[in-house]
Amino acid sequence: MVKPRIDRHYLAGLMVILCLGSSTLGQTAPEDEQFGPVVRAYLGYLRNEQHVVDDRASRREVNREYYRRNSNRIRALRQIAIQIAEESQNDYLPELEAVAADEFRSLFEHPPKSHTLQVGDVLWTKFRYIGRVRSGEVFYVFARLDPYEQAELMTRTQNRIEAAEDPEGANPILRTRDITRARRVNNPE
């Protein structure tokens with residue numbers, strides 16, 4: 001029987017990851033103490049993502065452009081997460097996506113024009129536009145809708161299309177600011 005051989009570089013990398021993970025486990029930045037456990041966990045996740053990007057850059061696995069863009073993206077996500085948490089006074093964050101204008105195709109098959117977006121727009125019943133954040137460069141931040149919001153929007157869109165009797169004229173950008181998270185705030189399951 002042949003024993004599998006473990007590469008020493010793989011083992012060293014695994015040890016570094018375990019040490020980094022255990023050293024940051026349970027630690028939060030002092031400025032994050034004002035938030036609940038969900039928001040603190042997300043901010044901790046972003047800190048860990050920055051450590052990964054820093055580590056990859058220090059080992060020259062990524063180029064300077066990759067490092068700069070991803071560090072800026074992480075800063076943009078942190079800024080918008082804190083803004084959402086402070087405004088809502090709720091320990092909840094949606095799944096956030098921050099993309100530069102040239103990355104819209106990573107989220108949308110038929111990307112919208114960035115200058116047409118308005119805060120609160122819902123695109124393809126999947127994403128709500130949160131806003132622009134300048135973090136070294138401009139990032140457009142979207143919140144992925146939860147399945148309940150998606151189903152509700154799909155029903156509304158279908159009703160609107162049927163009422164207009166024009167299924168070809170459906171607009172993928174919906175101006176729907178009236179959909180609230182009252183169900184989540186009032187019934188935090």
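Guide: Start with Arg 68 and Glu 137. Their side chains meet in a salt bridge, 3.2 Å from N to O. The term means a side-chain nitrogen of Lys or Arg within 4 Å of a carboxyl oxygen of Asp or Glu. Arg 68 sits in helix H3 (residues 64-88) and Glu 137 in strand S4, so the bridge ties together parts that lie 69 residues apart in sequence. Helices (H or I, at least four residues) and strands (E, at least two) are DSSP runs, numbered from the N terminus.

A word on the source. This is a predicted model, in which local features need pLDDT of at least 70 and side-chain atom pairs count only at pLDDT 80 or more, while totals for chains, interfaces and linings use all residues. Residues are numbered from 1 along each chain as its sequence is written, and side-chain values use heavy atoms, with hydrogens and water left out.

Glu 137 has a relative accessible area of 13%, so Glu 137 is buried. Arg 68 counts as partly exposed because its relative accessibility is 35%. The cut-offs are these: buried is under 20% relative accessible area, exposed is over 50%, and partly exposed is in between (1.4 Å probe, protein chains only).

The bridge belongs to a wider set. Arg 68 and Glu 137 are linked with Glu 65, Arg 69, Arg 73, Asp 102 and Glu 103 in a network of salt bridges. Across the whole structure, a search finds eleven salt bridges.

Arg 144 forms a salt bridge with Glu 97, and the closest N and O atoms are 3.5 Å apart. This pair also links distant parts of the chain: Arg 144 is in strand S4, Glu 97 is in strand S1, and 47 residues separate them. Both ends are partly exposed: Arg 144 at 30% relative accessibility, Glu 97 at 22%.

Stay with strand S4 and turn to its rings. Phe 108 and Phe 142 form an edge-to-face aromatic pair, 5.3 Å centre to centre, with 75 degrees between the planes. Phe 142 lies in strand S4 (residues 137-144), while Phe 108 lies in the loop between strand S1 (95-99) and strand S2 (121-123), 34 residues away. Phe 108 and Phe 142 are both buried. Rings of Phe, Tyr and Trp (its six-membered ring) pair if their centres lie within 6.5 Å; planes under 30 degrees apart count as stacked, over 60 as edge-to-face, and the rest as tilted. Ring pairs join Phe 108 and Phe 142 with Phe 104, Phe 127, Tyr 129 and Tyr 140 in a cluster.

The structure holds nine aromatic pairs. One of them is tilted: Tyr 42 with Tyr 45, 5.9 Å centre to centre and 35 degrees between the planes. About one helical turn separates Tyr 42 from Tyr 45, because they are three residues apart in helix H2 (residues 37-58). Tyr 42 is buried at 17% relative accessibility. Tyr 45 is partly exposed at 44%.

Helix H2 also holds Gln 50. Gln 50 is buried, with a relative accessible area of 18%. Its side chain makes a polar contact with the side chain of Ser 71, at 3.0 Å. A polar contact is a pair of N or O atoms within 3.5 Å; within protein, one must be able to donate a hydrogen and the other to accept it, and residues adjacent in sequence count only if both atoms are side-chain atoms. Leaving aside residues up to four places away in sequence, Gln 50 touches Tyr 67, Ser 71 and Ile 74. Contact here means heavy atoms within 4.5 Å.

Asp 55 is partly exposed at 25%. Arg 59 is partly exposed at 48%.

Finally, the whole chain. The protein chain has five helices and five strands, and they follow the pattern α-α-α-β-β-β-β-α-β-α along the sequence. Of its 189 residues, 34% are buried. Among contacts with a separation of 6 or more, 57% come from residues 24 or more positions apart.
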